[in-house]
Amino acid sequence: MRTTFHRSFSLLAAGMAASLCLPATASADAGLVARQEKGKAVFATCAACHGMDGKGLPTTPPMAPPLVGSKLATGPAEVATTIVLKGVQKTDSKYIGMMLPLAATLTDEQLADVLTYIRTSLNSAPAVAADDVKKWREKYKDIATPLSRATYEKKAEALSKAASATTSNPTTT
């Protein structure tokens, strides 16, 4: 009897502890879902070139690169943000279009939400915070013209290497 009581009490306590954790997780999930929904609405603009599913449009040559599986879309969020803010130069005939800068048309929250949609709904990369978008908008404010895809690829590689070096060699205080 005592063993059954202790087992029942332990299960009850474990269940109560787990239920106490659910509201925070559910709240965080609800927040992400809300951001994804807002981002999906903004994505309608992106879909004109990247397709509704983010896999690109079936044109030859393609209008724009697919965002699903894109290293630039899923890599360092700073690079993805800068691409949307500053645009991408047309340097060859690989794609029909060029990406125009959207800094003047999107708020920090809208940009964070659309990138969160692209990164978390179409891919499996972390969300983007509006505070980070604001920081990067300020950091790159003096760039007046779109950058080349190669420039963004080099920046993504440098930021990824720096992040790897930081995580593999933490400083001691």
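**Notes on the salt bridges**

1. Let's start with Arg149 and Glu153, whose side chains meet in a salt bridge at 3.4 Å, N to O (the term means a side-chain nitrogen of Lys or Arg within 4 Å of a carboxyl oxygen of Asp or Glu). Both sit in helix H6 (residues 149-168), four residues apart, about one turn of the helix; helices here are DSSP runs (H or I, at least four residues), numbered from the N terminus. Arg149 is partly exposed at 29% relative accessible area, and Glu153 is partly exposed too, at 40% (buried is under 20%, exposed over 50%, partly exposed in between, with a 1.4 Å probe and protein chains only).

2. A word on the source: this is a predicted model, where local features need pLDDT of at least 70, side-chain atom pairs count only at pLDDT 80 or more, and totals for chains, interfaces and linings use all residues. Residues are numbered from 1 along each chain as its sequence is written, and side-chain values use heavy atoms, leaving out hydrogens and water.

3. Lys38 and Asp113 also form a salt bridge, 3.6 Å from N to O. Lys38 is in helix H1 (residues 2-50) and Asp113 in helix H4 (residues 108-121), so this pair ties together parts 75 residues apart in sequence. Asp113 is buried at 3%, while Lys38 is partly exposed at 38%.

4. Those two residues belong to a salt-bridge network that links Arg35, Lys38, Glu109 and Asp113.

5. Then there's Lys139 with Glu78, at 2.8 Å, N to O. This pair links helix H5 (residues 130-139) to helix H3 (residues 77-86), 61 residues apart. Glu78 is buried, at 10%.

6. Over the whole structure, the search turns up nine salt bridges.

Conventions. Helix = DSSP H or I, 4+ residues; strand = E, 2+ residues; numbered from the N terminus.
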